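Me: I am new to this structure and would like to know what stands behind the terms used for it. Please set each value against its cut-off.

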Amino acid sequence: MKKVLNSLKWFALHIEEIIAVIGIAVMLCAVFLNVIMRYIFNSPLSFAVEFGRYTFAGMVYLGSIYVMRDDGHIGLDIVVDALPEPLHTIVKKFSRVLVLAYLAVFFCMSTRMVMENWTNRSSTMHLPMSVVYLAMVIGSAGMFIEELLLLLGKGGKDKLDAGDMGGGM
């Protein structure tokens, strides 16, 4: 049973990486196939450009969740690190709260965008644009969760790998 739980934990920690690798591979294959079809056979694939664009956007949001888990987003660390310890911690936590507020607004607005664009279709693949915009909802929710875990001191890849989730795993 413990082996199953460890496998599930590993999968949960690495799902973004797995999906990103598959997504980038599929995107690259579609774009490469389109180049071959366009320049060798003079008959480009109509869906490939749109598919590549939407897949790339999805990978950006997925990658943002992964980077948030590692606390790797751009920041003014040189300024914050120069502060004395009590002030350093306060500024760091305050900036995390600001990021959480932004992500909450972004989540609400992107959810609204998904709902409002359900009937709109993409030009080539005729997908509902809500499916495309769903990447923003998933990305903002995932980043919110990771930032909240960092604020609570339970986040970061090192702590998650070590099993410091406060649960029974």
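Reply: A salt bridge is a side-chain nitrogen of Lys or Arg within 4 Å of a carboxyl oxygen of Asp or Glu. The model is a predicted one, in which local features need pLDDT of at least 70 and side-chain atom pairs count only at pLDDT 80 or more, while totals for chains, interfaces and linings use all residues. Residues are numbered from 1 along each chain as its sequence is written, and side-chain values use heavy atoms, with hydrogens and water left out.

Me: What makes the pair of Glu146 and Arg69 a salt bridge?

Reply: The N to O distance between the side chains of Glu146 and Arg69 is 2.9 Å, and the limit is 4 Å, so the pair counts. Glu146 is in helix α5 and Arg69 in helix α2, 77 residues apart, so the pair links distant parts of the chain. Helices here are DSSP runs of H or I with at least four residues (strands are runs of E with at least two), numbered from the N terminus. Both Glu146 and Arg69 are buried.

Me: How many salt bridges are there in the whole structure?

Reply: A search of the whole structure gives five. One of them joins Arg96 and Asp71, with the closest N and O atoms 2.9 Å apart. Arg96 lies in helix α4 (residues 85-116) and Asp71 in the loop between α2 and α3 (77-81), so this pair ties together parts 25 residues apart in sequence.

Me: Why is Arg96 called buried, and why is Asp71 called partly exposed?

Reply: Buried means under 20% relative accessible area, exposed means over 50%, and partly exposed is in between (1.4 Å probe, protein chains only). Arg96 has 10% relative accessibility, so Arg96 counts as buried. Asp71 has 37%, so Asp71 counts as partly exposed.

Me: What else does Arg96 pair with in a salt bridge?

Reply: Arg96 also forms a salt bridge with Glu147, the closest N and O atoms being 3.1 Å apart. This pair, too, links distant parts of the chain, with Glu147 in helix α5 and Arg96 in helix α4, 51 residues apart. Glu147 and Arg96 are both buried. Salt bridges that share partners also join Glu16, Arg69 and Glu146 into one network.

Me: How do you know that Glu147 is buried, and what does Glu147 touch?

Reply: The relative accessibility of Glu147 is 3%, so Glu147 counts as buried. Not counting residues up to four places away in sequence, Glu147 touches Met68, Arg96, Val99, Leu100 and Leu103. Contact means heavy atoms within 4.5 Å.

Me: Why are α2 and α5 called roughly parallel?

Reply: Helix α2 and helix α5 (residues 129-151) pack at an angle of about 5 degrees, with their axes 8 Å apart. That angle makes α2 roughly parallel to α5. Angles under 35 degrees count as roughly parallel, over 145 as roughly antiparallel, 65 to 115 as roughly perpendicular and the rest as oblique. The axes are lines fitted to C-alpha atoms, for helices over the stretch in contact, and angles run from 0 to 180 degrees between N-to-C directions. Residues that meet across this pair include Tyr54, Gly58 and Tyr61 in α2 and Gly139, Gly142 and Met143 in α5.

Me: What makes the nonpolar surface patch?

Reply: Val31, Val35, Tyr39, Ile40 and Phe41 make a nonpolar patch of about 550 Å². Patch residues have over 30% relative accessible area and no salt bridge; like charges are joined within 9 Å, and nonpolar side chains (Val, Leu, Ile, Met, Phe, Trp, Tyr) within 5 Å. Accessible areas come from the Shrake-Rupley method with a 1.4 Å probe, and for residues only the protein chains shown count as cover. Ile40 is found in the loop between α1 (2-39) and α2 (48-69). Its relative accessible area is 58%, so Ile40 is exposed.

Me: Which residues does Met37 contact, and why is Met37 called partly exposed?

Reply: Met37 is in helix α1. Leaving aside neighbours within four places in sequence, Met37 is in contact with Asn42, Ser43, Pro44 and Leu45. At 22% relative accessibility, Met37 counts as partly exposed.

Me: What is the phi of Asn42?

Reply: Phi of Asn42 is near 55 degrees, a positive value in a residue other than glycine. Asn42 lies in the loop between α1 and α2, and its relative accessible area of 66% makes Asn42 exposed.
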